[in-house]
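Subject: the structure you asked about

Hi,

Here is the structure I promised to pass on.

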Amino acid sequence: MMSSSKLQYEHLDQQDHSIRLLRLLPGRWLDNIYCELQTVSLDDSPAYHALSYVWGNPQDTGLITVDGSPFQATKNLITALRRLRSSIDVKVFWVDAVCINQLDTNEKTSQLGLMARIYKSAADVQVFLGESGVLDLIPHEQQGLWDDPPRTHWVRDATMLIHTEHPPHKDGLDSRGVIIDWGTYLRLPSSPEQPGYKPASREVPMWAILDPSNGLNAADQHRVDQFFTRQQDPMHGRDQELPPLERLRHNQSGAFAMMKMLSNGRCLKVCCQGPLDSSAWQGALNVIAHLVSLPWWSRAWVLQEAILHQRDVLAIYGEIVVPMGLIEDSGAVLPRHYARGDCCKRFWNSLPQAQKATLEKFANTMGQLEGIRQTLNMLKMKQIEMLKYLIDKTRFKEATDPRDKIYGLLGLLSNCDEPIDLVPDYHLSANDLYTKVAMQMISYTRSLSILHHHEFRSSALCSELPSWVPCWGPTYGSLTPFQIGERTANFLACPPGPDRIPHLANDTPCPNALVVQGRFISKVSAVTTPASKETTSLFIDLLTFLQTFFDIDPFSLHPITQEPEEDALARTLLSDQVFEVRYEFKAGQVVFSRAYAGDIQMFRLARQILMAQKMGQTLVLILPNGTVMDDEAKAHVVMHAEENFWCANEGRVFFRTEEGHFGSGPRETNVGDEVWVVLGSLVPLVLRRATEGEEGRRLVGYAYVHGIMDGEAAPGVNGEGKREVYLV
């Protein structure tokens with residue numbers, strides 16, 4: 001932990017919104033760091049920059065001097081300050097670790113309440129992502145000669161990406177496909193040869209670019225050209241023979257050249273101008289892999305630091321200084337290229353799996369950040385709704401103090417309606433905070449939707465929380481928590497009634513038990529092991545096993561729904577839903593809908609195709625128009641079936657009940673667990689008897705149970721079979 005035992009902090013006046021600023025005094029690169037603290041009021045509009053960074057290992061510290069006193073700072077902060085320091089000018093920053101007395105809980109609580117205003121009011125936000133590896137290759141003696149460290153600046157072009165249904169015609173475009181004369185381009189008539197501009201209704205297969213009047217930044221364009229040259233001519237630069245430092249700098253330049261191209265709307269395939277195994281291409285991807293693996297992307301607090309400031313946010317990656325928007329845009333836009341069929345799909349399929357994995361991680365990380373930014377800017381939500389959305393979207397992020405998983409998001413709620421009773425309070429335990437937030441969400445929404453979150457509960461905090469309170473930690477399976485919410489919203493297993501909303505119990509040994517009302521359905525009688533795509537060698541073998549597990553007879557009817565058992569099995573294996581990806585937003589959006597009869601027939605057809613392939617037979621399928629289905633169409637049917645199966649079931653189990661239900665549930669489901677429909681929950685829940693009283697139950701997770709997902713087993717208007725249950 002940061003130590004300020006020698007530093008004497010002056011008291012901050014909360015009434016005039018006082019904060020401390022860090023005056024970073026001039027010094028050469030390797031000089032010791034000297035700083036001064038200055039107390040100012042935010043009401044006076046002081047001039048300063050805000051720093052966003054990761055503290056790093058609290059045990060790995062070094063000394064800086066603050067107001068003449070020694071201060072133990074983490075090595076990561078020291079490196080960040082060196083990167084930011086000037087050899088001739090004083091720089092003024094707000095740096096949380098130094099500007100807040102970390103040993104004063106009251107001050108910490110009040111100052112964190114000002115975080116949104118602090119970052120919004122800064123002249124800019126400078127994000128120290130971390131070191132790039134360059135310093136490790138430069139001798140200390142050489143670094144000692146520097147006044148200021150080398151810096152390479154990239155520029156984000158003022159481009160505008162537009163949607164077009166057709167490739168833009170050549171008139172009005174320069175050699176790079178960039179629109180030069182926007183007015184003329186839009187006025188050109190459409191024709192089969194020159195379709196012109198046509199706004200897209202849904203998925204967008206093409207991008208065009210509005211170029212700023214002064215063109216692309218010349219220095220950046222030169223670096224892009226050099227990257228292309230190194231790929232096209234294997235002898236150019238002889239990358240493998242270059243000294244390690246020069247080779248690393250080439251690779252970093254290549255990585256940001258790719259980002260530059262992608263952020264300007266160019267295709268992924270255009271970025272590759274040589275063989276996939278060229279040292280220039282692979283080296284650039286290695287840099288992207290390193291960049292996206294840095295801890296900054298995984299920390300909870302930094303999200304609001306990067307988003308709150310609506311103007312200039314600069315990222316520092318070693319000696320590279322680049323607008324955060326350039327990195328973010330380039331990754332977020334990637335799926336729009338490789339997920340559609342007429343652009344980069346074929347190129348994407350040709351990539352080695354390791355290269356795909358690097359680009360997918362980059363796309364997912366930037367897409368999550370971009371998706372949150374777009375939601376905040378475009379959708380108007382109430383504070384409690386936005387908080388739930390943000391917590392769901394950031395469960396993959398980490399925080400040394402689990403309370404910061406929530407407190408680190410509060411600054412993003414400032415523009416939302418209906419403020420909630422929640423401010424940073426470090427006197428409140430994490431257990432009490434998480435329970436308070438969960439209860440607020442339930443009370444406000446009159447819904448138990450937060451009980452549907454599927455997650456590991458293995459952390460120390462999770463073991464202390466009531467089973468119904470989410471840990472807001474990483475999930476398992478292929479579904480994100482946000483997607484779980486989208487899927488469960490398509491059902492109505494227990495329609496809302498006039499009964500009391502769930503509330504905390506005051507008459508049980510467990511004070512944080514949640515009292516709910518529901519109806520017992522049946523006990524689990526058999527359970528499979530968790531489904532895992534990684535360990536499944538052949539999809540058809542898994543389907544065959546599940547058909548045996550559910551004891552499917554092709555000529556029998558399902559005992560609950562009286563439909564063919566094979567149809568009931570197919571709906572269960574899909575959780576009765578299919579998905580599609582829509583691209584109204586830059587990062588794309590997964591949309592779920594209930595499965596139609598045609599979707600079920602396609603799933604059964606996929607099984608027939610796979611079975612024939614396994615047996616070495618050729619399955620001839622005649623389409624309604626009389627033509628024979630070709631191999632490409634068959635492959636698409638199989639891919640669609642597999643994608644939807646794993647989307648619904650990765651990491652989950654299948655089960656049967658004593659009453660003959662088919663179902664899927666959380667991986668912790670055991671024989672003897674109970675299936676319930678509960679008022680306020682759109683889907684059934686798996687509960688387990690607890691020791692806290694006859695009606696005590698522990699929540700295991702949400703379930704799909706075929707035949708009761710649309711209210712068929714819900715309590716009637718007179719409440720038949722309904723009783724109170726205590727979730728502990």
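Below are my notes on aromatic pairs, charges over rings and strand pairing.

One thing to keep in mind as you read: this is a predicted model.

**Aromatic pairs**

I searched the whole structure and got 20 aromatic pairs. Take Phe-256 and Tyr-317: their ring centres are 6.2 Å apart and the planes meet at 45°, so this pair is classed as tilted. Phe-256 belongs to helix H8 (residues 244–263) and Tyr-317 to strand E12 (residues 313–317), so the pair links distant parts of the chain, 61 residues apart. How exposed or buried are the two? Phe-256 has 0% relative accessibility and counts as buried. Tyr-317 is buried too, at a relative accessible area of 1%.

Then there is Trp-281 with Phe-347. The ring centres are 6.2 Å apart here, and with the planes at 75° the pair counts as edge-to-face, because that label goes to angles over 60 degrees. Trp-281 sits in helix H10 (residues 279–292) and Phe-347 in helix H14 (residues 345–350), so this contact ties together parts 66 residues apart in sequence. Both Trp-281 and Phe-347 are buried.

There's also an aromatic cluster to click through: Phe-539, Phe-545, Phe-549, Phe-550, Phe-645, Trp-646, Phe-654 and Phe-662 make up one group.

**Charges over rings**

Two spots to look at here. The charged end of Lys-108 lies over the ring of Tyr-426, 4.4 Å from the ring centre. Arg-652 has its charged end over the ring of Tyr-702, at 4.1 Å from the centre.

**Strand E15 and its partners**

Which strands does E15 pair with? Here is what I have for E15 (residues 514–527):

- Strand E14 (residues 503–504) runs antiparallel to E15 and is joined to E15 by two bridges. Leu-504 is opposite Leu-514 of E15.
- Strand E24 (residues 722–727) pairs with E15 in the antiparallel sense, over six bridges. Leu-514 has Leu-727 of E24 as its bridge partner.
- Strand E20 (residues 674–678) is antiparallel to E15 as well, with five bridges. Ser-522 faces Val-675 of E20 across the pairing.
- Strand E18 (residues 653–657) pairs antiparallel with E15 over three bridges. The partner of Val-527 in E18 is Phe-655.

Cheers

Notes: Residues are numbered from 1 along each chain as its sequence is written. This is a predicted model: local features need pLDDT of at least 70, side-chain atom pairs count only at pLDDT 80 or more; totals for chains, interfaces and linings use all residues. Side-chain values use heavy atoms; hydrogens and water are left out. Rings of Phe, Tyr and Trp (its six-membered ring) pair if their centres lie within 6.5 Å; planes under 30 degrees apart count as stacked, over 60 as edge-to-face and the rest as tilted. Helices (H or I, at least four residues) and strands (E, at least two) are DSSP runs, numbered from the N terminus. Buried means under 20% relative accessible area, exposed over 50%, partly exposed in between (1.4 Å probe, protein chains only). A charge sits over a ring if NZ of Lys or CZ of Arg is within 6 Å of the ring centre and within 35 degrees of the ring normal. Two strands pair if DSSP finds at least two bridges between them.
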